[in-house]
Amino acid sequence: MTAEAGTPLRTLIVDDEPLAIERLQLLCAREPMIDLVATASDGRAALRLSEALEPDLLLLDIAMPELDGIAVARALGATRHRPAVIFVTAFDAFAVEAFDLAAVDYLLKPVAPDRLARAVARVAQLRGTAPAEKPAASPYTQEFWVPHRAELIRIAAQDIERIDAERDYMRLHVGSRSFLLHQTISALEERLDPAHFLRLHRSTIVRRDQIRKLRHDGSGVWYADLGDRGEVRIGRTYMTAAKAVAGR
């Protein structure tokens with residue numbers, strides 16, 4: 001049964017550290033989409049409470065004695081009522097295994113309030129309980145999961161400012177950070193909404209709102225000024241589309 005839109009997520013916190021539980025309780029109290037129903041201090045208690053209370057969401061620690069969080073998530077995945085799982089842990093080494101279990105998110109302690117809010121909003125959207133109206137489905141990719149050290153990081157497409165090709169990889173620039181994605185630039189271009197992204201060169205795609213101005217060097221070569229991101233030489237193949245940004 002699909003929950004009614006706007007209904008808070010019945011949430012169970014699982015952690016073997018009392019201080020960690022207390023901090024999560026305080027964070028949850030600030031989240032209107034969370035209805036905290038119980039806490040558990042070990043994996044076996046988490047399974048018993050999940051069976052009895054049928055929560056929508058588990059905020060689940062990984063490193064616990066006897067039955068760890070990975071084992072708990074695996075056991076819950078075989079149950080009739082499968083709650084969403086957000087792992088909350090001090091360790092980054094389990095990220096790949098966590099996402100293999102279809103975890104919605106992977107948060108590192110100490111958890112920032114805005115990071116928890118984004119993760120909870122994602123659960124609400126997936127379970128059909130988000131209070132906002134669901135927008136019409138877009139044919140373009142809205143997010144990318146990219147490997148980074150021992151993690152898989154979710155990057156919203158709208159946060160990507162520039163993409164540069166590096167052999168068989170694409171470097172996604174997001175604020176002051178960048179991430180490598182194994183993808184060809186042509187395939188990536190097809191996945192991005194052309195209303196928001198523009199290919200300027202055979203090896204460069206930029207978000208349209210990053211373009212500050214267009215200039216030429218007097219010899220027919222044009223450049224796109226990206227402010228702090230520097231300049232991008234505009235390839236001849238992409239010149240018409242680039243000038244269209246300026247209504248030319």
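Of the contacts in the protein chain with a separation of 6 or more, 52% are between residues 24 or more positions apart; a contact here means heavy atoms within 4.5 Å. Before we go on, note that this is a predicted model, in which local features need pLDDT of at least 70, side-chain atom pairs count only at pLDDT 80 or more, and totals for chains, interfaces and linings use all residues. Residues are numbered from 1 along each chain as its sequence is written, and side-chain values use heavy atoms, with hydrogens and water left out.

Let's look at the whole chain. Its C-alpha atoms fill a box of roughly 75 × 35 × 30 Å along the principal axes. Of the 248 residues, 41% are buried, meaning that they have under 20% relative accessible area (1.4 Å probe, protein chains only).

Now find the parallel sheet. Its five strands follow the order S2-S1-S3-S4-S5, and the sheet is open. Strands count as paired if DSSP finds at least two bridges between them. Strand S2 (34-40) and strand S5 (105-108) each have a single partner strand, so one side of each is left without a neighbour in the sheet. On average, neighbouring strands here are turned by 20° against each other, direction ignored; for such angles, axes are lines fitted to C-alpha atoms (for helices, over the stretch in contact), and angles run from 0 to 180 degrees between N-to-C directions.

Zoom in on strand S1 (residues 9-14), which is joined to S2 by six bridges. Leu12 stands opposite Ala38 in S2. Helix H2 (residues 43-53) packs on the sheet and touches S1, S2 and S3, its direction making about 135° with that of S2. Helix H1 (residues 18-29) lies across S1, S2, strand S3 (57-60) and strand S4 (84-89), and runs at about 170° to S2.

There is another open sheet to trace, with antiparallel pairing and five strands in the order S10-S9-S8-S12-S11. At its edges you will find strand S10 (177-182) and strand S11 (197-201), each pairing on one side only. Neighbouring strands of this sheet are turned by 25° against each other on average, direction ignored. S11 runs antiparallel to strand S12 (residues 204-207), and four bridges join them. Leu198 has Val206 in S12 as its bridge partner.

Notes: Buried means under 20% relative accessible area, exposed over 50%, partly exposed in between (1.4 Å probe, protein chains only). Helices (H or I, at least four residues) and strands (E, at least two) are DSSP runs, numbered from the N terminus.
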